[in-house]
Amino acid sequence: MKRKFLCFMLTMSMVISISGCSANTASTANTETTTEVKEENKDSIESTNNTEDETSKENEDDSSEITEVASSNNEEVAQEVISLRDVVPNVLDSRIGCAVTQSELEDPKVWDIVTTHFNAVTFGNELKPDALVDYSCDTCPGTEEVDLNGETIVVPKLSFKRAESMLDKIYDWNQENPDRKIMVRGHVLVWHSQTPEWFFHEDYDKKNDYVDKDTMNKRLEWYIREVLTHFTGEDSKYKDMFYGWDVVNEAINDRDGGLRTDNENPNEKLSESRHGSNSSWYHIYQDNEFIINAFIYANKYAPDSLELYYNDYNECNTLKRNGIAELLTAIKEKEGEKGVGTRISAMGMQGHYGMDNPGFTEIEYAAKLYAEIVGSVQITELDISASDSYDRTEESKIQENEKLKKRYNIIYFTLKSLKNNSNVNIGGVTFWGTVDHYSWLQSKSNIGGGNKTGLPQMPLLFDENYEPKPCFFVFTEQ
Ligand code: GLA
């Protein structure tokens, strides 16, 4: 089923004016502007990247794939809105997803966008460790005894209610719409952030000492077993809904590409409940053992059909990219049987990109490198932070929309080129949100960053009226 509807937009002023075109219909305008716009995009891709001769040649050859949606200055243009999920998966041979939180999913207009445009979702927060202990971040919410490999261990009580309420809604949708099912990307098992500090301490009390590696390994195995079995085990209602899971998130630092340590930010105390930068995983292990073990345990408890990922940001920066590649290699080298070895299916390139960086070449280089090591990449948290000149005035919003469209065009072009020219397997593209006003880039945050200025940004495909922005059409124009 192809879902189409018309969107009437007051169009922004475009770089190219349409001479002699009344723009009564989008298709007329498209015909008249296509050639010039292609040239302009080709230039912007080439100038952004200082590409070598060979790459430039590839860009030229492929420029026919880049199209823009035509518009004219300040005129209302009827524009056909095609469902992303009816187009992008065919072009990239990948899933097309978005992140949603529980409250966003309860917004009927977001739900409409999700069910119209996406065939995959990532829960923004609800499968993170802090959510699974019901946000009891300062103190452990209670413990119980469980068996782990024949030994009785004490573990914190988990609560799956938030994730389940989201899954139930999607489950019902899938039952009623078997041809337009939505699958879920699990996010995330092991992360330095949004994991309560007490999880790392004796008796689950952060006033006590840190536990030793041996104890932490048991907690790690138990946690991964519980979460994966609950959501993907044979008896789970949700077992057919997940296609993959981030096993480890953001374990490489931004400084030199080494492991993220317990002192990335000296101003952040390690005793803080959920950490923005410092890693208590590293504090206990001092090496990558917890990462390797996490992949061994995930392999042990996940069904074979569930893909397992490493996920990180700034993944195109040279030093960090090399560090990530080294880590992926280490994970890959330990691959083996269930219960013994690791398994990794893809590298999650978060894709929290800036308006100018990274360019075509950097994204391409990183994706090829990762795909060579683990076989496949996904763009997992795509959004674009605002340019430096953006100040929220109407004029700068118009400019920003123009830039955003060009920027998304370059990124989509890069992904198509990776697939078509370099045979890179791109398993999925997921935007980190749907509408701008729910984006994490609306505000500053100590946990997970947010924007730097406190100025709400406009990084996504849909605006505050839940309408597709000009950049949306980059992904639906053929
Ligand atoms: C990181 C995490 C996500 C989310 C975003 C910002 O990239 O992986 O879970 O927290 O930051 O919202």
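1. A salt bridge, as the word is used in this note, is a side-chain nitrogen of Lys or Arg within 4 Å of a carboxyl oxygen of Asp or Glu, and helices and strands are DSSP runs numbered from the N terminus. With these terms in hand, one may begin with helix α8, which spans residues 213-232 and holds both Lys218 and Asp214, four residues apart, or about one turn of the helix. The side chains of these two residues meet in a salt bridge, with 3.7 Å from N to O. Lys218 counts as partly exposed because its relative accessibility is 24%, and Asp214 is likewise classed as partly exposed, at 48%. The model is a predicted one, and the points below should be read with that in mind.

2. The structure holds 22 salt bridges. Side chains of opposite charge can pair when their charged atoms come close. One of these pairs is Asp246 with Arg185, whose closest N and O atoms are 2.6 Å apart. Asp246 and Arg185 are both buried.

3. A further salt bridge joins Asp304 to Lys338, with the closest N and O atoms 3.4 Å apart. Asp304 sits in the loop between α10 (289-301) and β9 (307-312), while Lys338 sits in the loop between α11 (318-333) and β10 (346-349), so the pair ties together parts that are 34 residues apart in sequence. Asp304 is exposed, with a relative accessible area of 60%, whereas Lys338, at 40% relative accessibility, counts as partly exposed. Elsewhere, Asp134, Lys161 and Arg162 are linked in a network of salt bridges.

4. Glu264 deserves a paragraph to itself. Its place is in the loop between β8 and α9 (280-285), and it counts as buried because its relative accessibility is 18%, the cut-off for that class being under 20%. The side chain of Glu264 is joined to that of Arg255 by a polar contact of 2.8 Å, and a polar atom of the Glu264 side chain also lies 2.8 Å from the backbone nitrogen of Thr261. Leaving aside residues up to four places away in sequence, Glu264 touches Asn253, Arg255, Leu259, Ser277 and Asn278.

5. In soluble globular proteins, nonpolar side chains tend to be buried together. Here the largest nonpolar core has 113 residues, and the members with the most contacts inside it are Phe231, Phe242, Tyr310 and Met349. Helix α10 supplies the largest share of this core, with nine residues. Another core, of five residues, lies apart from it and includes Met183, Tyr243, Tyr309 and Ala346.

6. Which residues surround the ligand? They are Lys128, His187, Trp191, Asn249, Glu250, Gln350, His352, Glu381, Trp432 and Trp440. A polar side-chain atom of Lys128 lies 2.8 Å from an oxygen atom of the ligand, and for Asn249 the corresponding distance, again from a polar side-chain atom to a ligand oxygen, is 2.9 Å. In the case of Glu250, an N or O atom of the side chain is 3.2 Å from an oxygen atom of the ligand. The ligand on its own has 300 Å² of accessible area, of which the protein covers 91%.

7. The last point concerns the backbone. Most residues other than glycine have a negative phi, and most peptide bonds are trans. Asp93, although not a glycine, has a positive phi of about 55 degrees; it is found in the loop between α3 (88-92) and β3 (95-100) and is exposed, with a relative accessible area of 60%. His275 also has a positive phi of about 55 degrees without being a glycine, and it lies in the loop between β8 and α9, where it is buried, with a relative accessible area of 0%.

Note on methods. Residues numbered from 1 in each chain as written. Predicted model: local features only at pLDDT ≥ 70, side-chain atom pairs only at ≥ 80, totals over all residues. Heavy atoms only, no water. Buried < 20%, exposed > 50% of the residue type's maximum accessible area, 1.4 Å probe, protein only. Helix = DSSP H or I, 4+ residues; strand = E, 2+ residues; numbered from the N terminus. Polar contact = N/O pair within 3.5 Å; in protein donor to acceptor, adjacent residues only side chain to side chain. Contact = heavy atoms within 4.5 Å. Core = buried A, V, L, I, M, F, W, Y, C linked by side-chain atoms within 4.5 Å. Near = heavy atom within 4 Å. Areas by Shrake-Rupley, 256 points an atom, 1.4 Å probe, with all protein chains shown as cover.
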